[in-house]
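The stops below are to be selected in order.

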Amino acid sequence: MPATKDRTSRNRSASRPPRPFTLWREVLTAYAAPALMAGTAGVVTGQPDLAVAACTSIAGTSAVVAFLVGTWLRHGGQPRRWTTTAPRVALTAALVITAAGAATLLGWFTAQWLPAHTLIPATPWLERLRIDLPVSAALATTIVTLRWRSTTTTPSPA
């Protein structure tokens with residue numbers, strides 16, 4: 001007897017509601033995913049500085065940004081109306097620009113201003129922050145926003 005595809009399993013999975021947005025799970029994933037990927041890349045390519053940055057500046061930034069964006073989106077269990085009615089792409093773009101912009105300023109401040117105005121010496125690790133922070137913030141914001149938005153329902157117009 002020939003094997004046939006069970007098309008009902010696809011329909012069942014499509015009709016299932018998405019898993020609820022759980023902030024601690026999103027933050028844990030935001031830390032673990034870049035730490036594992038960038039850490040592996042650092043080990044495989046022989047870049048110990050990338051392996052260290054993977055668990056510190058890259059994953060740490062991702063986790064902090066995921067927590068801040070997720071907390072802001074949830075807004076105490078009552079999401080802001082515009083965050084649920086705005087087009088998904090527009091909401092994501094607005095939040096990514098905001099988070100990446102703030103992370104860029106923080107990276108610049110840490111890499112440029114601190115060594116120039118304090119006793120902290122300029123090091124290659126500080127220079128990495130100019131790239132690590134905004135890239136990590138943009139990725140974490142995108143993933144958390146899209147994940148959160150997929151679990152919300154658009155309110156009906158009142």
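This is a predicted model: local features need pLDDT of at least 70, side-chain atom pairs count only at pLDDT 80 or more; totals for chains, interfaces and linings use all residues.

Residues are numbered from 1 along each chain as its sequence is written, and side-chain values use heavy atoms, with hydrogens and water left out.

**Helix α2.** Select residues 23–44, which form helix α2 (helices are DSSP runs of H or I, at least four residues, numbered from the N terminus). Colour L23, E26, V27, A30, P34, A35, A38, G39 and G42, which are buried (under 20% relative accessible area with a 1.4 Å probe, protein chains only; exposed means over 50%). Seen down the axis of α2, these buried residues fall within an arc of 165°, so they line one face of the helix (the arc is taken from the directions from the helix axis to the C-beta atoms). They pack against α3 (48–74) and α6 (124–151), contact being heavy atoms within 4.5 Å. On the other side of α2, W24, L28, L36, M37, V43 and V44 are exposed. Just after α2, display G46, whose phi is positive, at about 70°.

**Lining residues.** Finally, select V65, L68, V69, A99 and A102, which lie nearest the centre of the largest pocket among its 16 lining residues. A pocket is an open set of points on a 1 Å grid over the protein atoms alone, where a 1.4 Å probe fits, with protein on both sides within 12 Å along at least five of seven lines; lining residues have an atom within 4 Å of a point. The largest share of this lining, seven residues, comes from α3.

How values were computed:
Helices (H or I, at least four residues) and strands (E, at least two) are DSSP runs, numbered from the N terminus. The expected span of a helix is 1.5 Å times one less than its number of residues.
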